[in-house]
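Hi,

Here is the structure I promised to pass on.

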Amino acid sequence: MKTAVCGSGPGAMAIAAHLAEAGRSTTIVDRPEFASNVAAISARGGVEARSGWWGARVLPVEATHDVIGTVADADLVVISVPASAHETWVSEVARLLRAGATLLFMGEGSGSLVARRVLLDADRPDLLVGETNCLPMIARAAGPGVVVGEKKTGGVLIAAIPSPRTAELLGLVSDVWPLLETAGSVFETALVNYDAIDIVPVAIANAATIEGRRGGMLLWGEGATPSVVRLVEALDAELFALRGALGGTDPRRYRDFLIAQGLAPDVGDLYAVMRAGGITRSVRPSGGPEDLVARLDLEVPWSLVLASSIGEAVGLATPVIDGLIDVAGTMLARDVRAEGRTLTTLGLGGLDADRLRAYAAGDPFSS
């Protein structure tokens, strides 16, 4: 199976390394503005992956700027870029996908909803499209062409649109990532966004430290105090209610997903679990306004704003989500609602819960 991985950041490199390790012919493709990333991978003859499960190895991955040739020749196209770049990549990739190809978003949810709208407009509803709610590994860049990562043990959800094709999608990649678990729909993968849940509330509550202390901060080790964790739980509760309104049946909350991913032991309530988990040792940059922007810039407009619009559509109040959006917008001095992703920007404005569920199941006329 020929696979194209769009993007060259740490997530994309780790994905490509896993695919290559599983024997897939894999090519990373990215835009000319990321020339240094592509050149470093090409110079090494692949991605240098460092981890506890295989040490340091260079996995055979090609790298190129030839989007047209790479995507048109691929059986599987994986897009692993920030959510803010989904539209740009979809607009280019959608016209290149050959008949029978599969498009998979990995990293954050809702990208498949962007692609579904474009493919329906192009009269290509037959193409298999799906997404995961997060990366199937912890990935950090360690230099151009080098990624440090560890595999997760579970808690990574995958869904197709239409949802009855999820098992088909899973079958294409389960040999690479056997930890993947099926979700009820792409709305579930979009709403189970771990970075939105555990970064946004902690960053807002610790904004002064993030902006004022130079040298780095233990974002969760220092910042996830009992009161802040209560805010995390309140946000998670609203997202959980939205999942249920759209037909989600997975009973797990953020605490349970932390444990399922292998990131923390099962030792009690969410505060105890977070304190016992490895995330408390994760150092994040601090010392200036740009460090706060980095914590809020993606998850607020591209995840929480979408969740807020879902709440309005299904008739559920989301005061915590809305409050975090408003506070983040004030801190960033930006109208994050206007710039973010909503049901309306996805072509789904005006749909109620029943019609949204039907759309995720494959009924294009629900939109």
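The largest cavity holds about 90 Å³ of space. A cavity here is a set of points, on a 1 Å grid over the protein atoms alone, where a 1.4 Å probe fits but cannot get out, and lining residues have an atom within 4 Å of a point. Grid points are joined across faces, edges and corners, and a volume is the space filled by probe spheres set on the points. Searching the whole structure gives three cavities of 30 Å³ or more.

Before going further, the ground rules: this is a predicted model, so local features need pLDDT of at least 70 and side-chain atom pairs count only at pLDDT 80 or more, while totals for chains, interfaces and linings use all residues. Residues are numbered from 1 along each chain as its sequence is written, and side-chain values use heavy atoms, with hydrogens and water left out.

Back to that cavity. Its lining has 13 residues, and Ala190, Leu191, Asn193, Trp302 and Ser303 lie nearest the centre. Helix H7 (186-191) and H16 are the elements that give two or more residues to this lining, and H16 gives the most, with six. (Helices are DSSP runs of H or I with at least four residues, strands are E runs of at least two, and both are numbered from the N terminus.) By class, the cavity lining divides into nine nonpolar, four polar and no charged residues. For the classes, Ala, Val, Leu, Ile, Met, Phe, Trp, Tyr, Cys and Pro count as nonpolar, Asp, Glu, Lys and Arg as charged, and the others, Gly among them, as polar.

Now the pockets. A pocket is an open set of points with protein on both sides within 12 Å along at least five of seven lines. The largest pocket has a volume of about 1,400 Å³. It is lined by 48 residues, and the closest to its centre are Pro10, Leu135, Ala139, Arg140 and Asp195. Elements giving two or more residues to its lining are helices H1 (10-21), H4 (86-93), H8 (194-198), H13 (254-260) and H15 (289-296), plus strand S9 (137-141). S9 gives the most, with five residues.

S9 and strand S10 (146-151) each supply at least two residues here, with S10 giving the most, at four. The lining divides into three nonpolar, five polar and three charged residues.

Axes are lines fitted to C-alpha atoms, for helices over the stretch in contact, and angles run from 0 to 180 degrees between N-to-C directions. Contact means heavy atoms within 4.5 Å.

- H16 (residues 299-314) and H17 (residues 319-332): the axes come within 9 Å and cross at roughly 145 degrees. The contact is made by Val300, Leu304, Val305, Ala307 and Ser308 of H16 with Ile321, Asp322, Leu324, Ile325 and Ala328 of H17. By class, that is eight nonpolar, one polar and one charged.
- H12 (residues 226-245) and H16: these pack at an angle of about 50 degrees with their axes 10 Å apart, and are therefore oblique to each other. Leu235, Leu239, Leu242 and Ala245 in H12 meet Leu304, Ala307, Ile310, Gly311 and Val314 in H16. This contact has eight nonpolar, one polar and no charged residues.
- H12 and H17: the angle is about 120 degrees and the axes are 8 Å apart, which makes H12 oblique to H17. Here Leu231, Ala234, Leu235, Glu238, Leu239 and Leu242 in H12 meet Pro319, Val320, Ile321 and Leu324 in H17.

For the angle words, under 35 degrees counts as roughly parallel, over 145 as roughly antiparallel, 65 to 115 as roughly perpendicular and the rest as oblique.

Two backbone details to finish. Isoleucine 161 and proline 162 are joined by a cis peptide bond, with omega about 10 degrees, and proline 162 sits in the loop between strand S11 (157-161) and helix H6 (166-173). Serine 110 is not a glycine, yet has a positive phi of about 90 degrees; its place is the loop between strand S7 (102-105) and helix H5 (111-121).

Cheers
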